[in-house]
Amino acid sequence: MGENNTPDERPPSRRDRVRAAVVPLLGVTAVLVGCLVAYLNRDFTGWFAYAPLSNKPFSVPGAALITQGTQIGLAIMVAGVLVLAFWAGYTVGRRVSSGRQ
């Protein structure tokens with residue numbers, strides 16, 4: 001305990017300050033890159049079918065509504081959001097634990 005019954009706190013090191021800037025920046029970059037990849041790989045193909053007298057639903061075998069490039073972009077976005085969520089939880093947890101010591 002320091003003066004006035006406050007806990008002794010060490011100043012953040014240079015490594016902690018760099019990490020505090022780089023990790024959220026990586027998360028935001030991953031989200032933006034994922035959005036860009038998903039947007040650029042969208043598919044504009046469309047079709048129309050009309051079968052008025054059949055009692056069967058019409059389906060196209062092997063049709064994909066989301067292209068593989070869009071799926072990759074969405075996966076990159078999810079990874080970026082997970083990095084941001086981890087970093088936010090880690091930061092809040094450090095603040096709470098340093099306040100209790």
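Modeller: Let's start with Tyr90. Tyr90 is partly exposed, at 32% relative accessible area; that word covers values between buried, under 20%, and exposed, over 50% (1.4 Å probe, protein chains only). Trp87 and Tyr90 form a tilted ring pair, because their planes sit at 35°, with centres 5.5 Å apart. Rings of Phe, Tyr and Trp (its six-membered ring) pair if their centres lie within 6.5 Å; planes under 30 degrees apart are stacked, over 60 edge-to-face, and the rest tilted.

Colleague: Before more of that, what kind of model is it?

Modeller: Predicted: local features need pLDDT of at least 70, side-chain atom pairs count only at pLDDT 80 or more, and totals for chains, interfaces and linings use all residues. Numbering runs from 1 along each chain as its sequence is written, and side-chain values use heavy atoms, leaving out hydrogens and water.

Colleague: Back to the rings. How many aromatic pairs are there?

Modeller: The count is two aromatic pairs. Phe86 and Tyr90 make a stacked one, 6.1 Å centre to centre with 20° between the planes. Ring pairs join Phe86, Trp87 and Tyr90 into a cluster.

Colleague: Where do Phe86 and Tyr90 sit?

Modeller: Both are in helix α2, residues 68–100, four residues apart, about one turn of the helix. Trp87 and Tyr90 are three residues apart in helix α2, so about one helical turn separates them too. Helices here are DSSP runs (H or I, at least four residues), strands are E runs of at least two, and both are numbered from the N terminus.

Colleague: And Phe86 and Trp87, buried or exposed?

Modeller: Phe86 counts as exposed, at 56% relative accessibility. Trp87 is buried, at 15%.

Colleague: Zoom out. What is the secondary structure of the chain?

Modeller: Two helices and zero strands. Buried residues are 9% of the 101 residues. The chain exposes about 8800 Å², with carbon and sulfur atoms supplying 64% of it. Areas come from the Shrake-Rupley method with a 1.4 Å probe; for residues, only the protein chains shown count as cover.

Colleague: What share of the contacts comes from residues 24 or more positions apart?

Modeller: Of the contacts with a separation of 6 or more, 83%. A contact is heavy atoms within 4.5 Å.

Colleague: Give me some pairs with their spacing.

Modeller: Val28 and Val81 are 53 residues apart along the chain, with C-alpha atoms 7.7 Å apart. Val28 lies in helix α1 and is partly exposed at 39%. Gln71 and Ala38 are 33 residues apart, with C-alpha atoms separated by 7.0 Å. Gln71 is in helix α2 and is partly exposed, at 46%.

Colleague: What does Thr70 touch?

Modeller: Ala38, Asn41 and Arg42, not counting residues up to four places away in sequence. A polar atom of the Thr70 side chain lies 3.1 Å from the backbone oxygen of Asn41. Thr70 is in helix α2 and is buried, at 14% relative accessible area.

Colleague: New topic, the surface. Which residues make the nonpolar patch?

Modeller: Val18, Val22 and Leu26, covering about 250 Å². Patch residues have over 30% relative accessible area and no salt bridge; nonpolar side chains (Val, Leu, Ile, Met, Phe, Trp, Tyr) are joined within 5 Å, like charges within 9 Å. A salt bridge is a side-chain nitrogen of Lys or Arg within 4 Å of a carboxyl oxygen of Asp or Glu.

Colleague: Where is Leu26?

Modeller: In helix α1, residues 14–40. Leu26 is exposed, at 55% relative accessible area.

Methods:
A polar contact is a pair of N or O atoms within 3.5 Å; within protein, one must be able to donate a hydrogen and the other to accept it, and residues adjacent in sequence count only if both atoms are side-chain atoms.
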